[in-house]
Amino acid sequence: MKVRPAALIGGLFLLLLVAAASSTGRSQPLSDDAAAQLVRALLLRYFDPPSVFTVSVTGARVTGDLLVLDSLTVGGRPVFLRGIEGQFLLQASDLALEAPALAQQQARVRRVGGATLVAGSTAAAMAQALARISSAIIEPRIRFHAGEFTITATVRRDDRLYPTEARGRVIVERERIVRVAVTAMTVAGGAVPESTVERELLKVNPVLDLSRYPLDLRIRRLTLHDDRIELLAVGGR
């Protein structure tokens, strides 16, 4: 991954503060803007371009080998994850990151007092992502309703086209992973194994995997309504 000059300079400055904090035994202040730039550079490792982030930090300081933030607020709008467009708002308090790792654009969380994530996407964004992920699915349309979803699309297989309609639901596994599961399907246009079509539809999985991210967040609510999917996740002590 290409390292931006501003992130490199910020990382070197952070290492100097770690050295100063270690030698004096006292916390060394870091400007909130500088800390926000380091967090923004870190976020780019986890999301697709051209994601846009607004980062706000208060109480940034280096204590020992930790970068401590009294509060962190991150707004992502829009963000792209595996081609799925969405948005999120993350708020965290008493967040301690390992400073040497952060200087190398790696995230290791030593502690977090509390964290809340609200995130969402749309049925249209999910359909666009599915069309990009699977070249066999033509013009998919997705609708969310009453906690379930419906997909209509044309599926190409061996130069033949099969109009398809599938119904399913969105499931949460181990409080961290979001997947879609097909519960019913009809395929027209000839004999084709439904499992073949289902594999194409499920290439969007996992929709989200919070275990890939440094904060230990657990999904507490997931809803489908008005052709939107929204979740609430929390973490911390």
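This is a predicted model: local features need pLDDT of at least 70, side-chain atom pairs count only at pLDDT 80 or more; totals for chains, interfaces and linings use all residues.
Two aromatic rings of Phe, Tyr or Trp are taken as a pair if their centres lie within 6.5 Å.

**Stop 1: the aromatic cluster.** Select Tyr46, Phe47, Phe53, Phe88 and Tyr213, which ring pairs link into a cluster. The structure holds five aromatic pairs. One of them is formed by Tyr46 and Tyr213, with ring centres 5.5 Å apart and an angle of 45° between the planes, a tilted arrangement. This pair links distant parts of the chain, its members being 167 residues apart. Tyr46 belongs to the loop between helix 2 (32-43) and strand 2 (53-58), whereas Tyr213 belongs to the loop between strand 11 (208-209) and strand 12. Both Tyr46 and Tyr213 are buried.

**Stop 2: strands 12 and 13.** Within strand 13, select Ala233, which stands opposite Ile219. The hairpin of strand 12 and strand 13 has two residues between the strands, and Asp226 there takes a positive phi near 50°.

**Stop 3: strand 6.** Next display residues 109-122, which make up strand 6. Strand 6 runs antiparallel to strand 13 (residues 228-236), and nine bridges join the two. To locate one point of this pairing, select Ala119 together with Leu231, its bridge partner in strand 13.

**Stop 4: helix 4.** Now select residues 123-133, helix 4. Which residues of helix 4 are buried? They are Ala123, Ala125, Met126, Ala127, Ala129 and Leu130. Show their surroundings, and the elements against which the buried residues pack come into view: strand 5 (84-98), strand 6, strand 7 (137-145), strand 8 (148-157) and helix 5 (194-201).

**Stop 5: Ser134.** Move on to Ser134, in the loop between helix 4 and strand 7. Is Ser134 buried or exposed? Ser134 counts as buried because its relative accessibility is 0%, and the cut-off for burial is under 20%. Select Glu200 as well: the side chains of Ser134 and Glu200 make a polar contact at 2.4 Å. Apart from neighbours within four places in sequence, Ser134 is in contact with Glu200 and Lys203. With these residues displayed, the tour ends.

Definitions and conventions. Residues are numbered from 1 along each chain as its sequence is written. Side-chain values use heavy atoms; hydrogens and water are left out. Two strands pair if DSSP finds at least two bridges between them. Helices (H or I, at least four residues) and strands (E, at least two) are DSSP runs, numbered from the N terminus. Buried means under 20% relative accessible area, exposed over 50%, partly exposed in between (1.4 Å probe, protein chains only). Contact means heavy atoms within 4.5 Å. Rings of Phe, Tyr and Trp (its six-membered ring) pair if their centres lie within 6.5 Å; planes under 30 degrees apart count as stacked, over 60 as edge-to-face and the rest as tilted. A polar contact is a pair of N or O atoms within 3.5 Å; within protein, one must be able to donate a hydrogen and the other to accept it, and residues adjacent in sequence count only if both atoms are side-chain atoms.
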